[in-house]
Amino acid sequence: MSTVITTPQNYRFPLAAVVGQQAIKLALLLTAVDYEIGGVAIAGRRGTAKSVMARGIHSLLPPIEIVKDNPFNCDRNSPETWDDLTKIQYQQTDDIPTEIIPAPFVQIPLGVTEDRLLGSVDVEESVKKGEAVFQPGLLAKAHRGVLYIDEINLLDDQISNQLLTVLTEGCNRIEREGISFQHPCKPILIATYNPEEGTLRQHLLDRIAINLSADEVLGLDLRVEAVQKAISYANSPQDFLSQYTEDIDNLKTEIILAREWLKDVKISHEQILYLVEEAIRGGVEGHRAEIFAMRVAKAAAALDGRNLVTSDDLRKAVELVIVPRSTTIDQPNEAPPPPPPPPQQQPEDENQDDEEEEDEDNEEENEQPEEQPQIPEEFVFDPEGVILDPSVLYFAQMAQRQGKSGSRNIIFSDDRGRYVKPMLPKGKVRRIAVDASLRAAAPYQKSRRLRNPNRNVIVEQRDLRAKRLARKAGSLIVFVVDASGSMAFNRMQSAKGAVLRLLTEAYENRDRVALIPFQGENAQVLLPPTRSISMARRRLEKLPCGGKSPLAHGLTQAVHVGRNAQMSGDIGQVVIVAITDGRGNVPLATSLGDSLDLPEGEKPDIKGELLDIAARIGALGFKFLIINTENKFVSTGFAKELAMNAGGKYYHLPKATEGAIAAMTKDAIYSVK
């Protein structure tokens, strides 16, 4: 027997009243039809109705029937997805009480911890029962509802990885703190973010089915209409909603009917082939795009009340799923020429040909089935990956609009930073995770009180958990510049330009920059790690040039500077950028003032020494870039060998201007950070 739970009137701004954003509204409706599409990510600047649309689609979802008092919203008709406790409780009976509740809406806060997200030990119940009892997290409450993540680009990387793993599997498995438990988790994922506040990792974009931008350019009339609607809604939500009652009811009905139609929707092999070909033409990596696109096409057909996928459904799937993932999108400079006109024929011949074609068509219609799978006449992408339809280009341009704010490194420690998760201590505990320690001790309180009746809470050494803390840290970019030879002045000027450009962004990215020129018999730290532009200008006024090339000492100095910076605890990644041709001619011992004990007639192995130093750079986890500005016909190719030995990258830029080298250096740094 079902019990209906009444809820207060919902006064959220209706999805039907949002001005523009047709693609996003369609995407949200499709995900409401099929939970397993894979979610929607909406990028956009502030004030583009991202969260309004996320909450608007939730108000259209029909209520769900669950097993009574089940914290995981388990469906009575899908016992294979039940959590472990529900399976044990109702596996031997058909008398399963149910209730109807509104579809849940769960928002993940940015500072959410792993315990709050996935679930943990219920301390109170564990103390009462004397055994570990599972306390559901936010993912348990979101099952069969909406899981909303605002500013997903700012969510902790580890949390976002765990979240997407659970959503992909459709099940949350807990194996921790004496708990072994699993429960279903299949919500509608809606994520929003502002690209101006940081980019979203490609890994996350790949795991979310539909990625669109809300930065749509509205005309004057539409902007006025949006303002008027916002004012009307603010003055009287009830009166405003009454204007859209019919539209809201129609959308609710369409979603309910589409969910039933979806079970019978068919897609042919030829239509799947079309989606795969579009993905290949667009240079899309992996196979998730085709799978997501197939689900979107079927959901579009179901939303339109059909059980067969049409060419329009395929085109929508390409525009929503494949185009935003394309890596080869370029707007054509000129429109393609029109196709040549068909050859002119005599009227009599035309009549005869038409009669023959009609006869052939009639024969083919008699032989073929009544309904053939529909495929678009033209591809969205041409063979070179260029979008043929200009109206579709909006999706690609908006979805790929990303800021160059640089990446941020995360440093984990046990002394300072934001509390991320508890961990088993290694040695002395510096910061005790009280919550996790109590959860670990809770199941044993009953037995421990029997031994110590005068104590209420008994925590032993084995229960202690340490806090794992994380904080953001910048990168250190160490420029090692060859200041020897005739090209020395040009190289130093280019390095100086790159240093000053990077320092302008150092405050936002927490980066530090250092400069080490090498010439004569040794290298010196001309600019120690700094974020100060004024200090850099003062230190870079005098640029030493000329003499020999002590490359080995320059790289060794860069390693020392990088290691000292990391030991300070404020630097995460070290990037060494060497502007050189790789032809060092001064051994390290000479630069350090040591004598060389070599047999008479034998020369020092400078090449082997440099390769060993490069290997050490790679072993330390430092990123290594070599930019060679020499002409190719005088280059030995050893610089490239050095970069490969360090697991780094090599760039050959002969006759490059100061701006070009500085820009290349900055782009190369962002590509490896």
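Predicted model: local features only at pLDDT ≥ 70, side-chain atom pairs only at ≥ 80, totals over all residues.
Student: Where does Met53 lie, and which residues is Met53 in contact with, leaving aside its neighbours within four places in sequence?

Tutor: Met53 belongs to helix 2, which covers residues 50–58; with those neighbours left aside, Met53 is in contact with Leu15, Val18, Gln21, Ile24, Lys25, Leu28 and Thr48. For one of these, Ile24, the C-alpha atom is separated by 8.3 Å from that of Met53, although the two residues are 29 residues apart along the chain.

Student: What makes helix 1 largely enclosed by the rest of the structure?

Tutor: Ten of the twelve residues of helix 1 are buried, and therefore the helix is described as largely enclosed by the rest of the structure; among the buried residues are Ile24, Lys25 and Leu28.

Student: How do you know that the span of helix 1 agrees with its number of residues?

Tutor: The expected span is 1.5 Å times one less than the number of residues, so the twelve residues of helix 1, residues 22–33, should span 16 Å, and the 17 Å between its end C-alpha atoms agrees with that.

Student: How many helices and strands are there in the protein, and what percentage of its residues is buried?

Tutor: The protein has 26 helices and 20 strands, and buried residues make up 47% of its 673 residues.

Conventions: Residues numbered from 1 in each chain as written. Heavy atoms only, no water. Helix = DSSP H or I, 4+ residues; strand = E, 2+ residues; numbered from the N terminus. Buried < 20%, exposed > 50% of the residue type's maximum accessible area, 1.4 Å probe, protein only. Contact = heavy atoms within 4.5 Å.
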